[in-house]
Structures are given as C-alpha cells and as structure tokens.
Amino acid sequence: MKEIIKLTDLHKIYESGTHALKGINLTVNEGEFLILLGLSGSGKSTLLRCMNRLIEPTSGAIEIDDENVVTAKGKRLRKIRRHIGMIFQQFNLIKNLSARMNVLTGKLGYVSLWHALTFSMHKNDVAIALQNLQRVGLESFARNKARNLSGGQQQRVAIARALMQNPKVIFADEPVASLDPATADSVMRYLGELNKKDNITILCSLHFLSLARKYGSRVVALKDGKIVFDGTPKEIDKKKFKDIYGEDAEEVEIR
Amino acid sequence: MKKKCKIKSYIQAVATDLLFWIYLFSCIYYLFHNWTGFTASFLFIGLATVLVTALFLILHLSIGRKIFLSTRKKKRWYKTSWTYILIIGLVITFIVGINIVEVDFYKFFTKFQNAGGITSGIFDPSIIGYELSPESIQNLSDGDIPPDVLETLKGIQNRKYSTKKVFLSDIEKRLGTSTFNTCKSTILKAAVKNTDLLNTALTALAETIFLALLATVFAIPFAFILSFFAARNLMPKTWLGNIVYVVIRTVATIFRSIEAIVWAIIFSVWVGIGPFAGMLALMIHSIAALTKLYSEQIENIDSGPVEAIKATGASTLQTWIYAVIPQIISPFLAFTIYRWDINVRMATIVGFVGGGGIGLLLLQQQQLLRWHNVGLLIWLIAFVVWVMDMVSARVREKLIGM
C-alpha cells in the first residue's frame, strides 16, 4: 500500500513561545480514515494546518504524495494544496455567495485569474460543481446563498467544495464540532463514503469516540504536541481514554 | 530588573509632575499677565516650577507619584491631597480657556439685533426676486410714494446702478426697514419679478451635488486598491509588507488630517476657482478617509473563508477576490454612500474658498449683504443635506442588514 503522507520530526513553535508540535512522526497510507483525538490545544489543528502550510512549520519534513511540502513555494505550493481538500469546524464558506459558487471556488487552484472571474460561463465547471452538490444531496440548493443554509447543509457544501479540488487527501478540522449529533453523523457518513468509494485518504480530528469507532480505520491521539496513541479504534479502552483525556480534564476542573 | 523598573517609573513620575507644574505656572502667569500686566522672565517660572515639583514630590503630594509610584500603604490625609491639586489645575484651565476664547455672554444676549438681517432673510427667503429697472423708477409718480423716498430711489439708481437692476434688498437697506415697509406694495407693483436667483441657486446646487458625487466616484478606485495594502491581516508579515502598510496608513492619516477646505485653497490656486478645484479637494480627502474606513473593514473580516480559499490552492489575488471582496462589498457601498453624503455637506464649505457650487454663491450673496437671497440659499442647502442624510441612512441600513 502506498504511503501518501509522511511526517518526520515535525515541530511548530509559535511566536508567542507555545511549543504546539513536539516532534511528530507519522506515516499515513493511501485510503486510510485516520481520526485525530486529543484535547483542545493538544496540537490537532496545528498539525493539520502545517501539512498544507496554512501554518509554517518550524522544523521537520512533510511529504505528501511524494512532494516535499516544506520547501514548496508559489506555484508548486498551490499545486500541492489543490490536491488537499480541507474542511473546517466553522465551515468557512463565503456567506454572500451561492452554494454553487462556493463549490466552484474549489477549482481555483486549477484555473487562471481570468477563468476564475468568468466561472459561470464555463459550462463544464458548473456541471461538475452541480454533480458534486448532488453527491452531498444539495442539488436543489445550488442557487441559495450560503448564509441561508443550515449548519449541516453548509458543511456538506464545504465537502462538495473539497471534492471539486479532485483531492487525494482531505483534512477535516473538527468538522462536526458545531453540529447536533444527528447532523454530525450524516456529515461523517458523507466523509466515510468519499473514503470508501473514491479512495480519498481522510485525516479528521474529532471529540466523539463513538464517531471515531464508527468511521475511523485508525486513531492517532495527540497530547501536548506529542503522539500518545496510534492504533485501531477498537484498541481504545477506558485506560487509554483516560490517558488521552482524563487527567487533564480533572486538572481543568480543579481550576 | 525590578530596580530598573523602579527607576523608570520614578523618571516617568518626575516628568509628569514637571509637565503638570510647567503647565499650571504658565496658566497662572498668563492670567496675571492679562489682568495686571505683570511680567517675569521664563527663567524665574522655570526655576519656580522645578522647586515646586521637587517640594511636592518629597511631600508625596504629586500626581506623577500617584500614577507611576502608587503604593498600597494607607496614606495620611495630606499625602492624598493630589486630588485637590488636580482639581485646582482643572479650574485654572477652565478660567484660562474662558479668557482665551473671549467668552462674553452679555454680547450673546444683548446684540441679537445685529443678526436681524440674516434672521429676517431666513424667515423671508427671496424665492422670487424683484428688481427695479431705471425705466420703472421713472414711471413711479409722486403720488404713489413720498417724494423723499422717490428721490432716494432715483439716487440709488443714478449712483450705483445707472443701467443695471436694483434689488429689493438693496432698496430696503437704503431706506430702512420701516420706511420700506410702508411703501413696499407700490415698489413691488413697479418692480419686475424674476426667478433668476432661484435658477442660479438650483444650478449651483446641482453643481455642488455633482462635484460631491464625482469626488466620491473618483476616490473609490484609489481607496479600494490602497485599502488592501493598508489592511494588517492581508499584508504579509515581512519587512516589505510592513513598510507598505505603514507608509500607506501614515500618508492617509496625514492627508485626512488636512481639512478639505485647505485642499480647496491649494487647488483653487492650482486649477483656478471653480467646481473642479472643489472636486479635487474633496477627492483627495475622500481617498484618505475611505482608505482608512475600507481597510478597517477588511481587517474586520472573518478569516475563516480566507483560510479555506487559500487551502484550495488559490493564488493571493484569487483569494482576495473570492474570500475578501464578497465579505466587504456591502459595507464598502455603505461607507461610500455615507462619504457622498459627507462630501455634499463639505462641498458647501469648500465653495467658500473657491471650490465652486452653492458655497461660492452663498459667499457672494453674503458679501453683498443680500440677506433674503442668503436665506434662500440656506434653505436649499439645508433641504439637500436633509434629503441626502435621510436617503443615505436608509440605504446604509439596507446594505448593512444584507
């Protein structure tokens, strides 16, 4: 099986002095559905954002699909990024634009500025965008403004936008943290479907262990910027769970 | 480290006190000088200041000590009397202020009749102008009006306006209001009506509105482009990014702090008196103001979509177009309309110093002391400003709520 992501001794120290990642070594195979667990502030978001350089890593090596991400600049960085879909907790859609236009923005990494300005005239792009909206069950909402959609619908539009990139990997940063449990499950189901049918590798940070068990093929847990657990979802028992979450939670309560 | 801090705050305390006492002594000196003609050398004042500062610092009465060297220990009453000193300082500031501004409420209440001309003008604006031509004065017979009045009228005509028209307000000024009122109807009968002034005023008003509009429209592209480079969150945190940011922000601030009226003076010399000079003045000021407003709006945007679009592999320009512009377009429009509203108001003032439009007309009429005409112009300006204000408020409400 092909190794699609390879991280070697990855460090991130913020300007404020916070040491968010302390030597992450991680290899992800193609087709895995990897769940990132860990408390808020354990470095999950930093790790995901370092991997497509939304945050600059301090040191270490990142290889995605045999491309060196750390040294990439300008056009090459754009080329790497366009194969990495990203899904956010706050959906991060452009609220004043229609769902269809939001999906089309997923194509920006592929096209010239002029092409981007005249998106609606490119029949081919629009057709693919509609297809992607259909995949997440929102074809009838194509012309609705993003701000008028519900949270779950917005997240599905975000998934369609990621699909528009034709991605090999999707990073999902707590995609269901601001959704109700039922909607959360449906969003995760769409992600699972992409993982199975399209063979897209997914890295998804979560807080719900139940969802991790249901959809994940592998679980990596972070604590204070270090990997403290790496295995299958079934291996997480009460003791392991306490290792990841427990003690800190108690500490928080004391404060 | 701690000791260094202590020294630093001690210096701050002494400096604060020194400044405070220099200010207070200067104020007191100013008052004494005005009232008694007392003079003293600055050296003397300086010396007194230093002495008093030292004395009060030692006595723990000082304000600087309170601000920078405050301790939690309970103080004796005389050590907390810095508040009284502060109050004395404020009272003296107030007295000096009244002196400098030459506040004289007696004048305010007793000299109202000086403003009678303009007040009557406002209550009786000359929408329709009346004028007497030389012929119409010749046609007035002695029976219609008292002979002395007729003589005066002829005198005006001969002396000042041998061939031109005589305005009613000129006659009123010459005859005095009471005499004028008694024979007003006769004079009006002989006078020729016209709406010249109303026409001129409306033309000037249109000029004002259009010059304000053009100033705003021309300012938009400049401010729009500049604002992106003056937004902290869009500029890369490199030295080049910082320099661009600081330079644009500083220049915008300087240009904004120079009032439009000053720009109008400059441009009326540059391109000549007229609406074009006014437009340029308002444009420069608008660019600076809009750049600031726009860039602050950009700094307020949700950074999420920017991150998301960046993550798709979009270029910087694409990111700006897709993630930034949709978020700012309606507040930008709202600010622009607000700016137009401000510009219409400022265009009147700018006209006074050669910027054209209704301001220039107002200045001319005011200098000719034609108060009824001034009244008309004031009403027109007030009406337009009121309408603009209302419309722009409505539109802004709609845009922001979008």
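A:Glu63 stands opposite A:Asn68 in β5(A). The model is a predicted one, in which local features require pLDDT of at least 70 and side-chain atom pairs count only at pLDDT 80 or more, while totals for chains, interfaces and linings use all residues. Residues are numbered from 1 along each chain as its sequence is written, and chains are lettered from A and ligands numbered from 1 in the order in which they are written. Helices (H or I, at least four residues) and strands (E, at least two) are DSSP runs, numbered from the N terminus.

Strand β4 (residues 59–64) of chain A is joined to β5(A) by two bridges, and these strands run antiparallel; strands are taken to pair if DSSP finds at least two bridges between them. Four strands of chain A make up an open sheet with antiparallel pairing, in the order β2-β1-β4-β5. Its edges are β2 (19–29) and β5 (67–68) of chain A, each of which pairs on one side only. Helix α1 (residues 44–51) of chain A packs on the sheet and touches β1 (3–13), β2 and β4 of chain A. The direction of this helix makes about 60° with that of β2(A), where axes are lines fitted to C-alpha atoms, for helices over the stretch in contact, and angles run from 0 to 180 degrees between N-to-C directions.

Between the chains, 21 residues of chain A are in contact with 17 residues of chain B, contact requiring C-beta atoms, placed from the backbone, within 7 Å. On the side of chain A that touches chain B, α2 (74–81) and α4 (113–117) of chain A each supply at least two residues, and α2(A) gives the most, with three. Chain B itself has 19 helices and three strands.

Terms used. Contact = placed C-beta atoms within 7 Å.
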